[in-house]
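Hi everyone, thanks for coming. Let me put the structure up on the screen, and then we can walk through a few places in it together.

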Amino acid sequence: KILQSLFPAPEYAFSKASNGVEALALLERGSWDIVVADVMLPHMSGYELTRQIRERFTSFELPVLLLTARGQAEDIVAGFRVGANDYVTKPIEGYVLKARINTLVHLKSSINDRIRFEAAFLQAQIQPHFLFNTINSIVSLAESDIGKMTELLIAFGDYLRYSFSCENAQPLVPIRHELELLEAYLFVQKQRFGDRINVLWDVDESLSFEIPPLSIQPLVENAIKHGILKRVKGG
């Protein structure tokens with residue numbers, strides 16, 4: 001009730017758990033910005049709840065704010081030792097609680113933005129030489145094999161579409177999205193290097209989980225550039 005009065009709907013949404021076990025079950029469903037927990041909980045203390053949360057999430061992935069009537073230094077230190085991000089003692093001042101929550105949520109959001117920026121920066125570094133080399137291959141095929149040139153253009157277009165998709169601004173994308181990008185990338189490389197690169201796909205068609213965007217193709221590109229193409233016969 002305190003949180004709902006401080007953060008009005010529909011801008012904010014809350015889920016309530018009456019004990020630590022229920023809280024952990026809630027964390028398995030959906031994504032969360034912050035956990036606000038009392039130290040004194042039935043069946044499981046707030047310290048133990050925090051410790052178990054830290055087994056699944058880092059302090060940046062899911063901040064934990066503990067509430068307690070015990071404001072002794074050893075109590076506060078115990079909370080930080082198990083992974084709490086912050087501590088508010090009772091009686092709770094509403095404006096203090098709101099400020100602490102806003103600080104932790106904004107910090108989490110800023111870190112996530114930084115991670116996405118760094119991933120995009122890495123991808124931007126990886127792409128240029130591949131783009132230029134592919135364009136040169138397309139130009140060279142224009143004089144020797146129009147059919148192959150057309151296939152390469154289509155695959156190259158798919159690669160660009162998946163690489164610059166707005167989905168890549170999200171923290172996670174479906175594995176299928178990543179594999180389609182990878183398929184287009186490998187087709188282009190196969191056309192460029194011929195028998196020096198051989199690709200065998202062994203993928204479970206039922207895969208449905210999500211991963212960080214643009215995380216597989218850089219690994220494959222490095223494997224080809226620094227592994228396969230370093231060998232005379234390829235691989």
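Let's begin with Phe187, which sits in helix α7; helices here are DSSP runs of H or I with at least four residues, strands are runs of E with at least two, and both are numbered from the N terminus. Before going on, please keep in mind that this is a predicted model, where local features need pLDDT of at least 70, side-chain atom pairs count only at pLDDT 80 or more, and totals for chains, interfaces and linings use all residues. Residues are numbered from 1 along each chain as its sequence is written, and side-chain values use heavy atoms, with hydrogens and water left out.

Back to Phe187. Is Phe187 buried, partly exposed or exposed? Its relative accessibility is 29%, so Phe187 counts as partly exposed (buried is under 20% relative accessible area, exposed is over 50%, and partly exposed is in between, with a 1.4 Å probe and protein chains only). Setting aside neighbours within four places in sequence, Phe187 is in contact with Glu151, Leu152 and Ala155, where contact means heavy atoms within 4.5 Å. Leu152 is 35 residues away from Phe187 in sequence, yet their C-alpha atoms are 7.7 Å apart in space.

Now let's stay with α7 and look at a helix partner. Two packed helices are described by the angle between their axes and the distance between the axes. For α7 (residues 175-193) and α8 (residues 217-226), the axes come within 10 Å and cross at roughly 20 degrees. Axes are lines fitted to C-alpha atoms, for helices over the stretch in contact, and angles run from 0 to 180 degrees between N-to-C directions. The two helices α7 and α8 are therefore roughly parallel, a label for angles under 35 degrees. On the α7 side, Leu181, Leu182, Tyr185, Leu186 and Gln189 meet Gln217, Val220, Glu221 and Ile224 of α8. Sorted by class, that contact of α7 with α8 holds six nonpolar, two polar and one charged residues. Here Ala, Val, Leu, Ile, Met, Phe, Trp, Tyr, Cys and Pro are nonpolar, Asp, Glu, Lys and Arg are charged, and the others, Gly among them, are polar.

There is another helix pair to see. α2 and α3 pack at about 25 degrees with axes 10 Å apart, and that makes α2 roughly parallel to α3. Gly20, Ala23, Leu24 and Leu27 from α2 meet Leu49, Gln52 and Ile53 from α3. By class, this contact of α2 with α3 has five nonpolar, two polar and no charged residues.

On to the loops. Asn19 lies in the loop between α1 (2-6) and α2 (20-27), and at 12% relative accessibility Asn19 counts as buried. Its side chain reaches the backbone nitrogen of Glu22 at 2.9 Å. Beyond its neighbours within four places in sequence, Asn19 touches Pro42 and His43.

His43 belongs to the loop between β1 (35-38) and α3 (46-54), and with a relative accessible area of 76% His43 is exposed. Most residues other than glycine have a negative phi, and most peptide bonds are trans. His43, though not a glycine, has a positive phi of about 75 degrees. The peptide bond from Lys90 to Pro91 is cis, with omega near 0 degrees, and Pro91 is in the loop between β3 (86-89) and α5 (94-141).

Finally, the whole chain: eight helices and five strands, with buried residues making up 33% of the 235 residues.

Notes
Parallel < 35°, antiparallel > 145°, perpendicular 65-115°, else oblique. Polar contact = N/O pair within 3.5 Å; in protein donor to acceptor, adjacent residues only side chain to side chain.
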